[in-house]
Amino acid sequence: MTTGAQTPLPPARPQRSRLRTFLPLGVAAWFVLEIWLLTLVAGATSGLVVFLLLLAGLVLGSVVIKRAGRRAFRKLSEALQQQQSGVMPDAARPNSEGNGLMMLGGLLLIIPGLASDAVGLLLLLPPVQKAVSRSAERTFERKLREARPGTLGGAFQQARMHQPDGKVVQGEVIRDEPGGAPQPPRPPLTH
């Protein structure tokens, strides 16, 4: 039996982002490029040379990641020691950038392939690290400015506006009023 009311349409599917559309194609093209370069070098030289190149990339990438990790750990321990001694750690150090990019470069060196090795070696150069870091920072700031309410970027933007230091302290306020009767316990704060 029909009542004359139309059945509700299902909600429209959100449009796919460019990244979700083109990332699988980019990864597939990267794999094809890597295999093509390896076969090209193997044809020009020998399989042993290709094996030694891949092994050298693995060893160099491991050393780079280990060095960057040690440097990051040392800076973290220095910041903790400064904080424990009562001195506020430096917020922005001139050489503090680049650990993440150095680790990314080491990871690209570890991944088998000649194109990934070339990109990994480029990321180890300080001028390239600074340029990539500045570009990523500008892109991140632009995305935050363009963020709509209700998105993850909107949450970051809202948190930055309302809590500039990012600290959240949970607690309970207890007032001691003179001559007042003791108050019953309150339920705990939940968020």
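**Figure 1. Glu 34, a buried acidic residue without a salt bridge.** In this predicted model, Glu 34 is buried (under 20% relative accessible area, where exposed is over 50% and partly exposed lies in between, with a 1.4 Å probe and protein chains only). Glu 34 belongs to helix α1, residues 18–44; helices (H or I, at least four residues) and strands (E, at least two) are DSSP runs numbered from the N terminus. Its side chain reaches the backbone nitrogen of Ser 116 at 2.7 Å. Beyond residues up to four places away in sequence, Glu 34 touches Pro 112, Gly 113, Leu 114, Ala 115 and Ser 116, contact meaning heavy atoms within 4.5 Å.

Residues are numbered from 1 along each chain as its sequence is written, and side-chain values use heavy atoms, with hydrogens and water left out. As the model is predicted, local features need pLDDT of at least 70 and side-chain atom pairs count only at pLDDT 80 or more, whereas totals for chains, interfaces and linings use all residues.

**Figure 2. Trp 30 in helix α1.** Trp 30 also lies in helix α1. Trp 30 counts as partly exposed because its relative accessibility is 34%. Leaving aside neighbours within four places in sequence, Trp 30 is in contact with Ala 115, Ser 116 and Val 119.

**Figure 3. The buried residues of helix α4.** Helix α4 spans residues 114–123. Its buried residues are Leu 114, Ala 115, Ser 116, Asp 117, Gly 120 and Leu 123. The elements that cover them include α1, α2 (47–84), α3 (99–110) and α5 (126–146).

**Figure 4. Asn 99 and its contact with Arg 71.** Asn 99 is placed in helix α3. Asn 99 counts as buried because its relative accessible area is 10%. Its side chain makes a polar contact with the side chain of Arg 71 at 2.8 Å; such a contact is a pair of N or O atoms within 3.5 Å, and within protein one must be able to donate a hydrogen and the other to accept it, with residues adjacent in sequence counting only if both atoms are side-chain atoms. Apart from neighbours within four places in sequence, Asn 99 is in contact with Ala 68, Arg 71, Ala 72 and Lys 75.

Figure 5. Residues 21–42 are 100% helix and 0% strand, with end C-alpha atoms 33 Å apart. Residues 48–65 are likewise 100% helix and 0% strand, and their end C-alpha atoms are 26 Å apart.

Key
Lys, Arg positive; Asp, Glu negative; His and termini not counted. Salt bridge = Lys/Arg side-chain N within 4 Å of Asp/Glu carboxyl O.
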